[in-house]
Amino acid sequence: MESLLQKQMPIYVDMDGTLVKTDIAQELLLQCLKKAELLSQLAVKVFTGRSYIKHFLAENTEFSAERLPYNDSVIKYLKEEKAKGRPIILATASDHLVAEKVADHLEFFDDILASRPGSNLKGVKKLCAIKDHSMGRGFEYIGDSKADYPIWEAADRSGFVNPPNNPEKIVPQADRRTVDINDSINSFNVLLKAMRPHQWAKNLLVFLPLFFSHTYFNMSELLATVLTFFSFSFCASGIYLINDLLDIESDRNHSSKKSRPFAAGKLSPLKGVAASIVLISSALIGCFYWLDSKVFTVLLVYIFITNLYSFYLKNYSTIDVITLTILYTIRIIAGSVAAGIILSPWLINFSLFFFLSLAYMKRYIEVSRHSKLGKLSGRNYLSDELGIIMMIGIVNGGVSVFILTLYLNDSYVLETYLTPHLLWLICPLLLFWIYRAWMWAKRGKIDDDPVIFAVKDKISLFTAVLIGGLFLSAKYFDLTSTLI
């Protein structure tokens, strides 16, 4: 049976990594990076110390305490102990403004110990603050990191949340250990998911110039295109990490995106930044040493535009979808540069209108799923604009097929293909796919990205195989002479 002293023993609980699965200070720093005026002010604060930086971030950025990824097991334990009459104190190295928001939301804390300008409450400093607050009485501490070692050792009772070492090695006495939560997920698997390798399918666009020029049997051109594919794929994964890091707050307001690794607190922002740097650097280094300098230049342009989109352009309607269209087209340009193929203006014209249709479809899906909010979080689209978004998207899809029909009348087609009239069958197939995709988007059957839908949808894949087969058949088989 617990003694009266144990029942009254206060519990001091850490916040980042313990009560909350993420690191709030790191998230606020990422928010700051999106605002140029804050970034310049932050540069001055770098020399003032961590506590001042944390306070600056807390004062100048916002976060939703209601939507943070809380550790339910810790909260359950704290509420149970609170019901027994034990005082619960939030003891964190985060700034007091952040701690107060979290405490106000949870509503069961008796007091707060947190960092303030000039005092970074971490490690030994946090231990001193706890001892002063508890006035020499025994206390229990729940934490998660190496910085908590001196506090665990000094505490009468210790709780552990995914600790860096076995709790038995940190606190050998079994009667001093209370909470022992170990629900950490393999970081590599989570990181791999955040990299979104399934999105690499978009980079298959680099092979289009090779396919339509029918030089795919040239091994040097094929190898250069394959290397370009992987360069863009590594780079894209790094940029997806950056994009998700910048979208943490808006993702938590999204029905499906809230489960993404950073938004759900499954992966720390710091690890995401490090992985992004490694991926993008690897792509650039590989491209620089193994491919033509022109491909390297195209990749730099791609990185510049994607980061411009992530940090700024995606917040503005119309320009965001045009930017997405340009990013699709840049992949095709990279493929032509890598293989040394002169890019057909017909292919560029087609891709601009076709991918603009898909970009608008992506926004239509997002807005329609959040129509009750009135405005899409993190995007400048209103729910009552769904009709015009669909209209623009369908029209551009139709225009892309019209451009294809003009291309089929070009002298190049008549000279290159043995059976050029066979290519006309591609037009109804493409119209079928575009209008079916829009119909399914209207019915809510497409998840976020129409390109990924196309890769997973059997009918879409069958349609793509038919279209590819028609191009190859028209090129290599003289069906007219056969029929005659």
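Strand E5 (residues 157-161) runs parallel to E6 and pairs with it over 3 bridges; strands count as paired when DSSP finds at least two bridges between them. In that pairing, Val-161 sits opposite Ile-181 of E6. The model is a predicted one, where local features need pLDDT of at least 70, side-chain atom pairs need 80 or more, and totals for chains, interfaces and linings use all residues. Numbering starts from 1 along each chain as its sequence is written, and side-chain values use heavy atoms, leaving out hydrogens and water.

Zoom out, and there's an open, parallel sheet of 6 strands, ordered E3-E2-E1-E4-E5-E6. Strands E3 and E6 are its edges, each pairing on one side only. Helices (H or I, at least four residues) and strands (E, at least two) are DSSP runs numbered from the N terminus.

Helix H7 packs on this sheet, and its direction makes about 150 degrees with that of E2. Angles run from 0 to 180 degrees between N-to-C directions, using axes fitted to C-alpha atoms, for helices over the stretch in contact. Here are H7 and the strands in the sheet that H7 touches (contact means heavy atoms within 4.5 Å):

| Element | Residues |
|---|---|
| Helix H7 | 124-134 |
| Strand E1 | 11-13 |
| Strand E2 | 88-95 |
| Strand E3 | 111-115 |
| Strand E4 | 140-143 |

Strand E2 turns up again at the second largest cavity, giving two or more residues to the lining, as do helix H2 (24-33) and helix H4 (50-60). On a 1 Å grid over the protein atoms alone, a cavity is a set of points where a 1.4 Å probe fits but cannot get out, and lining residues have an atom within 4 Å of a point. H2 gives the largest share, 3 residues. The lining includes Ile-24, Lys-54 and Asp-95.

Note on methods. On a 1 Å grid over the protein atoms alone, a cavity is a set of points where a 1.4 Å probe fits but cannot get out, and a pocket is an open set with protein on both sides within 12 Å along at least five of seven lines; lining residues have an atom within 4 Å of a point.
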